[in-house]
Amino acid sequence: MTALSDVSTHAMASARWRISEVAFWVLALACAFLFPSRYLIMTDIVRLGLFALSLDLILGYAGIVSLGHAAFFGVGAYSAGLLALHGIINEPVIALVAAGLVAAVLGFLTSFLVIRGVDLTRLMVTLGIALLLEALAERFSDITGGTDGLQGIEMQPILGLFAFDMFGKTGLFYSLIVLFILFLFARRVVHSPFGLSLRAIRNNPLRAAAIGIPVNRRLIAVYALAAFYAGIAGALFTQTTALASLDVFSFERSADLMLVLVIGGTGYLYGGLIGAVVFKMLQELFQSITPQYWLFWIGLVLVVIVMVGRARIHRWVLFVPNLIIRQFAGRRAAVAMPEGDAP
Amino acid sequence: MASILTNLFDGVAYGMLLFVLACGLAVTLGLMNFVNLAHGAFAMAGGYICAVLVNNSGWPFFTALPLAFVGSAVIGVALERTLYRHLYARSHLDQVLFSIGLVFMSVAAVDYIMGSSRVFIKLPAALEGQIDLFGVGIGRYRLMIVVICGLLTLALQLILAKTRFGSRLRAAVDDPRAAIGLGINVPQVFAFTFAFGCGLAGLGGALSAEILGLDPYFPLKFMIYFLIVVTVGGSSSITGPFLASLLLGIADVAGKYYVPKVGPFVIYTVMIVILLWRPNGLFGRTAAR
């Protein structure tokens, strides 16, 4: 067996659907039916999960640290809002894709700035771009509505069939379907040779270049793709809440997103989704304890996670689920092994 | 003409203030290669220490200023010894997450203890109003800032260039391994420098309450400014960040005065352009290794 076929069998084996993954999605769908009073928060979680998935593509797979991912979220949100407000594209699904494409174009253009330089420069540039867009949105308040945000957005029924209702039922199922489709695509991408080359770049850009991977082109491609995802997440935000305000660009949004991904773990796609669930629950919990000062506890969680070590925490958290899975599957079926943890 | 000069002077004062606030970050970020987004939290701590001492305990402003320095430095050294030093060898992502966590905690904690509204420090009467210098109106308070910050800059330059500690620090920064081999206690040098930088930030925070405004969101609002000073200025010397802060200060004041609507826009654009053109900063050689 040559080394090449060895790599491809390994890749194909890891791309196979596992029982635990199916269980995850069944559980997600079951939640949507089981808790009809919780549509709004579940929609929030789905949206956040999609947004975190987008950051995972560049952070977990390509190793680009970004402090300004909210830029794309915001662009997607405003695009969807403006399209609906001015009646340019009334059909939500097409508007969603259009908003994603706008964000992807922005991602493509800014990727040339981001791929240059080291971590620190990237942090500064991504942060700068998000702040720049926020300043722009504030400056052109006649278009964006300034600090008041876009008001009076009315969403048309999805595909002309399903109207958004006030309980958020349509919104939830719509978001869930969008998330699932995009997740399938992301899963396909990261298990493709393209995804493998991204991981090679993350682990060692120099070596990746030496074996013939066009490092910059791959990074540009994945950055634009992640921007597309973030744009869709932003558009979903606007479509399901019927508002878009300046805080879609805020630094806190980017920082929270980092926390989401760190809670869930980077580099295995489910991290963002699990992280979104845990983050929202933590937020609810903290807000019920101290409504005004929940930020403190979020900060504490971040500090503790970093001090204890991300990989170690994930081993602890995944210990019980993995134990159960081994009982059923009977073999070394690590459902959720953070990428950085793998030997 | 006079208004231009007044603006220029305000810009210089603002820039010098930014320098005092950010030069501690130049050490942690540029020299120790630690992405410390929580630097503003130390500045805020100094500001609030000064505010409590002056407003609640009735201390004179000029006595409270050194205490703001000492208080922030003590907080800084305590955190450095307990938390920061474990993270020097970690990835930038970990450092970013950790320091964002610290910022969030400090914001909420100060909000809880001091309330969320803006705090003003009672200034002595001698610092209020303007003096007229050759037809140019100059705020007394800003004049004091320029004097204090100017002296501090000179002192820092002298310490770095002439003292034994300065040469140890430069050695530790240039090549930590060789410095350890020469018998320099590098962690101690770093801890001391970190504490000193935090102290300067605290002093800057106390001085800036009047100009920048002091509220619990201070660390978040000015984080980008501190980062700009360090990344644009580079960190191979103290002059780089100094010139960068002056530029930023003058540009920001002028921008807010002459083109109020696009002010922030211009600053971020310039920052991105400079970072792309010279990734190691305008004046730096080894900003980020």
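**Architecture and chain contacts of a predicted two-chain model**

Chain B contains eleven helices and two strands. In this structure, which is a predicted model, the elements of chain B follow one another from the N terminus in the order α-α-α-α-β-β-α-α-α-α-α-α-α. The radius of gyration of chain B is 19 Å, close to the 19 Å given by the globule rule for 289 residues, so chain B is as compact as a globular protein of that length. Taken along the principal axes, the C-alpha atoms of chain B fill a box of roughly 60 × 45 × 35 Å. Of the 289 residues in chain B, 48% are buried, and among the contacts of this chain with a separation of 6 or more, 77% are made by residues 24 or more positions apart.

One loop position in chain B was examined individually. B:Gly115 is placed in the loop between α4 (92-114) and β1 (130-133) of chain B, and it counts as exposed because 11 C-beta neighbours lie inside 10 Å, where exposure is assigned at 12 or fewer. Although B:Gly115 and B:Pro216 are 101 residues apart along the chain, their C-alpha atoms are separated by 7.9 Å.

Chain A, in turn, has 15 helices and zero strands. Its radius of gyration is 20 Å, close to the 20 Å that the globule rule gives for 343 residues, so chain A is as compact as a globular protein of that length. The C-alpha trace of chain A spans about 60 × 45 × 40 Å along its principal axes. Buried residues represent 48% of the 343 residues in chain A, and residues 24 or more positions apart supply 77% of the contacts in this chain that have a separation of 6 or more.

Confidence in chain A was considered alongside its fold. The mean pLDDT of chain A is 84, with 93% of its residues reaching 70 or more. Over residues 338-343 of chain A, however, the pLDDT is below 50, and this stretch has 18 contacts in the model beyond near neighbours in sequence.

Within chain A, the packing of α3 against α12 was described in detail. Two packed helices are described by the angle between their axes and the distance between the axes. Helix α3(A), residues 39-61, and α12(A) pack at an angle of about 80°, with their axes 9 Å apart; the two helices are therefore roughly perpendicular to each other, since angles of 65 to 115 degrees are placed in that class. On the α3(A) side, the contact is formed by A:Leu48, A:Phe51, A:Ala52, A:Leu55, A:Asp56 and A:Leu59, which meet A:Leu257, A:Val260, A:Leu261 and A:Gly264 in α12(A). By class, the residues of this contact between α3(A) and α12(A) divide into eight nonpolar, one polar and one charged.

The loops on either side of α12(A) hold several residues of note. In the loop between α11 (215-241) and α12 of chain A lies A:Ala242, whose phi is near 60°, a positive value in a residue other than glycine. A:Ala242 is partly exposed, having 18 other C-beta atoms within 10 Å. A positive phi, near 70°, is also found for A:Leu269, again a residue other than glycine, and A:Leu269 lies in the loop between α12 and α13 of chain A. With 24 other C-beta atoms within 10 Å, A:Leu269 is buried. A:Tyr268 is located in the loop between α12 (251-264) and α13 (270-289) of chain A, and A:Tyr268 counts as buried with 24 C-beta neighbours inside 10 Å.

Between the two chains, 33 residues of chain A are in contact with 36 residues of chain B. On the side of chain A that touches chain B, the elements giving two or more residues are α6 (119-139), α12 and α14 (294-308) of chain A. The largest share of this side, 13 residues, comes from α6(A). Classified by residue type, the side of chain A that touches chain B has 26 nonpolar, four polar and three charged residues.

Terms used. Residues are numbered from 1 along each chain as its sequence is written. Chains are lettered from A and ligands numbered from 1 in the order in which they are written. This is a predicted model: local features need pLDDT of at least 70, side-chain atom pairs count only at pLDDT 80 or more; totals for chains, interfaces and linings use all residues. Helices (H or I, at least four residues) and strands (E, at least two) are DSSP runs, numbered from the N terminus. The radius of gyration is taken over C-alpha atoms; the globule rule is 2.2 Å times the number of residues to the power 0.38. A residue is buried if 20 or more other C-beta atoms lie within 10 Å of its own, exposed if 12 or fewer, and partly exposed in between; C-beta atoms are placed from the backbone. Two residues are in contact if their C-beta atoms, placed from the backbone, lie within 7 Å. Axes are lines fitted to C-alpha atoms, for helices over the stretch in contact, and angles run from 0 to 180 degrees between N-to-C directions. Angles under 35 degrees count as roughly parallel, over 145 as roughly antiparallel, 65 to 115 as roughly perpendicular and the rest as oblique. Ala, Val, Leu, Ile, Met, Phe, Trp, Tyr, Cys and Pro count as nonpolar, Asp, Glu, Lys and Arg as charged, and the others, Gly among them, as polar. pLDDT is the predictor's confidence in each residue, from 0 to 100.
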